[in-house]
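Here is a short briefing on a fold and on how two chains meet. Look at the structure, then read on.

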Amino acid sequence: MKFKRFKILIRDIKKYKALLLILSPPVIYLIINNYIPMLGVIIAFKEINYSDGILGSPWVGFKNFRFLFATSDAFVITRNTLGYNTAFIIMNIIVPVSIAIALNELRNKWLPRIYQAVMLFPYFISMVVTSYLVLALLSHNNGFFNSALMPFLGKDPVNWYDAPVYWPFFLVAINVWKTAGYTSIIYLASLAGIDPQLYEAIAIDGGGKWAQIRYISIPMLRPIIIVMTLLSIGKIFNSDFGLFFQVPLQSGTLFPVTNVIDTYVYRSLILTNDLGMAAAAGFYQAIVGLILVLTTNTIVKKINPANSLF
Amino acid sequence: MKKRSLTEITIPSKILINLIFIIVSLICIVPFILVISVSITDESIIMREGYRLIPSVVNLSAYEYLFTDINQIVRSYMISIIVTASGTLLSLILTAMYAYPLYRKDFPFRKFFAFFIFFTMLFNGGLVPFYIMYTQVLNLRNNLFALIMPFLLNPFFVIIMRTYFTQNIPDSVIESAILDGAGELRILTKIILPLAMPVFATIGLFVTIIYWNDWFMSLLFISKNENISIQYYMYKTMLNIQFMLNNPQAAAMAGSIKIPSETIRMAMAVVGIGPIVIAYPFFQRYFVKGLTVGAIKG
């Protein structure tokens, strides 16, 4: 029996060798770029010294993890990563869905297109450029906030880059500013596909605009909202490095509210050269991320199999 | 007068919605206007009034100063263009090479290879093994390929491309090509590619943006001035200015190095975003169209 299956395998390989040949460059790429580094997670359980190399360095068990979780950093970076991503996920449902529904109601050919084009623009800007734009607003001496907005509100200027309390709001606002236009396009496209007769049916039954939105628009958007949210939950342990590293201009005073797992791993690896800590934090990020995707997907599958990712 | 349909909203709510969108649109572009306006304002006016949306005295000296370093700017632009163009081309080739066999229903290993790439979305080794792989094993430090290689194959784009093939190219086309004796590579380049141009354009646009905007890979792997992309150049300029501002003594000691002023910073940003602003009206339409193709069907 086994031998027969083996023969079929050989026959298939021979028959489809051209397709396998086409697949081989990208597969080799994935092995080098993704799969071999996956095995590199063993670094987290070793005390690396460069004379012995990665494989030769001694195993130290969970020592790196004990060190990592003994610091207050572990709590801060976990809280920040999860907190910001939760806020981003919620805002990235509320704002783009509202934009899409409102644009869809305008029933005008060119105005929504102009709004859309303008709102999409920030999406194309790198985080380095974003850091310049934010600096133009927040610079202590001459920034727009301190030289125009705060006097207008009758308030004293604030040294924004030294004031951690404001940054959770700034970071969420910057994230929404950059991505809302992009995400709303996806929702708007689904709304455009809704049969207008559905709205008319509700209207004839005496349902106003809010009823139409509540009973038609939102339910029609639900599957795509779930997919987008699932994808974000899968990445809830990852952050946009540039947003947390460069937009606050690496200000040390702001670390309690800007340090996330990604910036911590980078700083440990490159700036403080603490390979063990960086690898432990990276492993923690990868494992918890994997567990989160599998769990959310299983839950969604239980509730509604059609909405799950895999 | 045309009668309002049952489902249309009232005129006052239309005006309100438009007003909200005008404000939102302003929020989206005002920072850019501010940066441009600061870059052309006279330095002494800035010191007196702070950043304003409309400059009271126009002065282009910030750009004059920037252009004394024109060689590095041109060099950085060249690096960005080379990395973006070759990265996008290579990435499209690899994506198509992965998507095509997955699209073939008769290919017995498609399930295995679909999982093989999907798994990379679920789990990754993280920054440390990746960094060691690139610097110690592949020896790519200060090599432009270190900026190209990380973004060559994205599982998402493979899925989008495969879905596009499935929905737009009927199996019968492939079957008859095989009967005519065409090889797989020939089918991919002569039949699939021309039929799937829209999805290649869309993914190409996405990948272009990823390469153009990346600076993290430069931060990790690049230290030589000759390999600094425009994004990384902007990053370094910002860093130097921050250092000067935080360490006035060091700046004074450096003496001969002219401290880049407020206006020069913003002029640097304008030089950096310039091409995107100019190209934006042209590619924006295609992007919206492509995004909806990928999102709905993918």
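Two residues are in contact if their C-beta atoms, placed from the backbone, lie within 7 Å. The model is predicted. With that cut-off, A:Leu19, A:Ile22, A:Leu23, A:Pro25, A:Pro26 and A:Tyr29 in H2(A) meet B:Leu94, B:Met97, B:Tyr98, B:Tyr100 and B:Pro101 in H4(B). By class, the residues of this helix contact are 11 nonpolar, no polar and no charged.

**Helix pair across the chains**
- H2(A) covers residues 17–39 of chain A, and H4(B) covers residues 70–103 of chain B.
- The axes of H2(A) and H4(B) come within 8 Å and cross at roughly 130 degrees.
- This angle makes H2(A) oblique to H4(B).
- The crossing of H2(A) with H4(B) is left-handed.

**Contact between chains A and B**
- Across the two chains, 75 residues of chain A are in contact with 76 residues of chain B.
- On the side of chain A that touches chain B, H2(A) gives the most, with 13 residues.
- That side of chain A has 54 nonpolar, 16 polar and 5 charged residues.

**Chain A as a whole**
- Chain A has 15 helices and 0 strands.
- Its radius of gyration is 25 Å, well over the 19 Å that the globule rule gives for 310 residues, so chain A is more spread out than a compact globule.
- The C-alpha trace of chain A spans about 70 × 65 × 35 Å along its principal axes.
- Buried residues make up 39% of the 310 in chain A.
- Of the contacts in chain A with a separation of 6 or more, 66% join residues 24 or more positions apart.

How values were computed:
Residues are numbered from 1 along each chain as its sequence is written. Chains are lettered from A and ligands numbered from 1 in the order in which they are written. This is a predicted model: local features need pLDDT of at least 70, side-chain atom pairs count only at pLDDT 80 or more; totals for chains, interfaces and linings use all residues. Axes are lines fitted to C-alpha atoms, for helices over the stretch in contact, and angles run from 0 to 180 degrees between N-to-C directions. Helices (H or I, at least four residues) and strands (E, at least two) are DSSP runs, numbered from the N terminus. Angles under 35 degrees count as roughly parallel, over 145 as roughly antiparallel, 65 to 115 as roughly perpendicular and the rest as oblique. A crossing is left-handed if the near helix is turned anticlockwise from the far one by less than a right angle, and right-handed if clockwise. Ala, Val, Leu, Ile, Met, Phe, Trp, Tyr, Cys and Pro count as nonpolar, Asp, Glu, Lys and Arg as charged, and the others, Gly among them, as polar. The radius of gyration is taken over C-alpha atoms; the globule rule is 2.2 Å times the number of residues to the power 0.38. A residue is buried if 20 or more other C-beta atoms lie within 10 Å of its own, exposed if 12 or fewer, and partly exposed in between; C-beta atoms are placed from the backbone.
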